[in-house]
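Please read the following note with the model open beside you, and check each point against it as you go.

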Amino acid sequence: MAKNMQEKFWDSLWTNAQICTAENGYGLIHAGAIAVKNGKFSWIGKMKELPGNPHDLAINVHDLCDKTITPGFIDCHTHLIYGGNRAKEFELRLQGVTYEEIAKQGGGIQSTVTATRNMSHEELLQQSLLRVKALMQTGVTTIEIKSGYGLDWETEAKILQVAAMLENDLPITVKKTFLGAHSVPKEFKQDSDKYVDLICEAMIPRIAKEKLANAVDVFCEKIAFSLPQTKRIFATAIQYGLAVKCHAEQLSDSGAAKLAASFHALSVDHLEYLSVEGVHALAESGTVAVLLPAAFYFLREKKLPPIDLLRQLHVPMALASDCNPGTSPTTSMLLVLNMACTLFSLTPEEALLGVTIHAAKALGIQQTHGSISIDKTADFAIWDVTHPAELAYYVGYNPLCSLIKEGKFVNLF
Ligand code: NIG
Ligand code: FE
């Protein structure tokens, strides 16, 4: 049966497609068709159930010759607006110096902060555009972008303003997250609580007032912010009507995921050191577990997130690139799908849901994005594959044919 409401004329119709709706698993429809009107899905079903001849039904008709359609991918965790790069640090880590040691010596996030503070809006925009375009070339139609390489008001605002400029310049949806609590800036090294005062008393109120972001994230970790500091920042975010997210249990178990769950966080991210108690807290609060296999790979981590327990307790697992210069310099969602399977033992189906419907939930946009469903935004990708499992299977091969944003073909440059 076609799941549809019948319309006389659609703007566009894609025919002879294999459709992976991401509704109830892959949600495959063979020999299917998709119609779009006003940027939304208005008909989804089998070709043979179409209520007439394709050319009588839609203004534009595209025959897909059995290619596969998936929802547009959602990269729900990135830090892609930054200056410089950290290839030197990569060399050091390969010689055995750890990520924490580099951070303690003033490298790591701090070095990117210096480079980012020194760049203009325009310079940051030009560099970030390249990264966003590269992500789009792997099927991405929505991204989340965090600030966090400014650590002062001016630069944090600059990053979020550049994020808004990216959304203006490209056919992509951008969700913005304030991550002022990414690292303690050198100006406050002796008194991190003073920086937390600044975040809570000045920065978050202004972020909310100027609508620069709709969520607040904290890096809760020994080398960043403590559990009580994280709690204070979350309470302030909620007070100002902002959603909460958390970099939790990436390098150690600090109980951040449980704390974030108690604030009904949209997501907790990383989670290599997540405890059994933490998984139960996520299951109860409905918080999404965002897994970042490219960061795990790049840091050559050994400790795996508790995938079996997350799966057993039905915690939705999303995947993201974590695109950033220090721990995950990647711009390929296809690589992320592959790594989630090879490194974290997700099934290709779990991986696909991780970059679609579960990623939408991690951003609080699952009512409008993340699956191919009537009335949702018509964001989708067309792939030259015969089964969606192939998207997680290839390592570095890109079978993307076309990307559609709100019902329109995207120029993939
Ligand atoms: O998600 N964990 C903290 N933040 C980033 C890394 C930032 C950096 O090293 O520049 C992450 O891994
Ligand atoms: Fe991150």
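1. Conventions. This is a predicted model, in which local features need pLDDT of at least 70 and side-chain atom pairs count only at pLDDT 80 or more, while totals for chains, interfaces and linings use all residues. Residues are numbered from 1 along each chain as its sequence is written, chains are lettered from A and ligands numbered from 1 in the order in which they are written, and side-chain values use heavy atoms, with hydrogens and water left out.

2. Domains. The chain is divided into domain 1 (5-71 + 371-409) and domain 2 (73-362), with bounds that come from an automatic or database domain assignment. Taken over C-alpha atoms, the centres of domain 1 and domain 2 are 31 Å apart. To the contact between them, domain 1 gives 25 residues and domain 2 gives 22 residues, where contact means heavy atoms within 4.5 Å.

3. The iron site. Which protein atoms are the donors of the iron ion (ligand 2)? They are His77 (NE2), His79 (NE2), His247 (NE2) and Asp322 (OD), at 2.1 to 2.4 Å from the ion; donors are N, O and S atoms within 2.8 Å of the metal (3.2 Å for Na, K and Ca), and since water is not among the atoms, sites may look incomplete. Along the chain the donors have the spacing H-x1-H-x167-H-x74-D. Distant parts of the chain are linked by one pair, His77 in the loop between strand E7 (73-75) and helix H2 (87-94) and His247 in strand E11 (residues 243-248), which lie 170 residues apart. Helices (H or I, at least four residues) and strands (E, at least two) are DSSP runs, numbered from the N terminus. Both His77 and His247 are buried, a word that stands for under 20% relative accessible area, with exposed meaning over 50% and partly exposed in between (1.4 Å probe, protein chains only).

4. Cavities. On a 1 Å grid over the protein atoms alone, a cavity is a set of points where a 1.4 Å probe fits but cannot get out, and a pocket is an open set with protein on both sides within 12 Å along at least five of seven lines; lining residues have an atom within 4 Å of a point. Grid points are joined across faces, edges and corners, and a volume is the space filled by probe spheres set on the points. Three cavities of 30 Å³ or more are found in a search of the whole structure. The largest cavity holds about 100 Å³ of space, and of the 13 residues that line it, His79, Tyr99, His182, Asn324 and Thr327 are the closest to its centre. The second largest cavity holds about 60 Å³, and its lining draws at least three residues from each of domain 1 and domain 2; Phe41, Thr368 and Ser371 are among them.

5. The largest pocket contains about 300 Å³ of space. Of its 19 lining residues, Ala103, Lys104, Ser183, Lys189 and Ile223 are the closest to its centre, and helix H3 (99-104) and helix H4 (109-117) each supply at least two residues of the lining. By class, this lining has seven nonpolar, eight polar and four charged residues, with Ala, Val, Leu, Ile, Met, Phe, Trp, Tyr, Cys and Pro counted as nonpolar, Asp, Glu, Lys and Arg as charged, and the others, Gly among them, as polar. The second largest pocket has a volume of about 230 Å³, and its lining divides into five nonpolar, one polar and four charged residues.

6. Thr15. Is Thr15 buried or exposed? Thr15, in strand E2 (residues 10-20), has a relative accessibility of 4% and therefore counts as buried. Leaving aside neighbours within four places in sequence, its contacts include Gly32, Met47, Val61 and Cys65.

7. Pro305 lies in the loop between helix H11 (293-298) and helix H12 (307-312) and is buried, at 4% relative accessible area. Not counting residues up to four places away in sequence, Pro305 touches His270, Leu271, Glu272, Leu291 and Phe344. Ser373, in the loop between helix H15 (357-362) and strand E15 (380-383), is buried with a relative accessible area of 19%. With neighbours within four places in sequence left aside, Ser373 is in contact with Glu23, Phe41 and Ile44.
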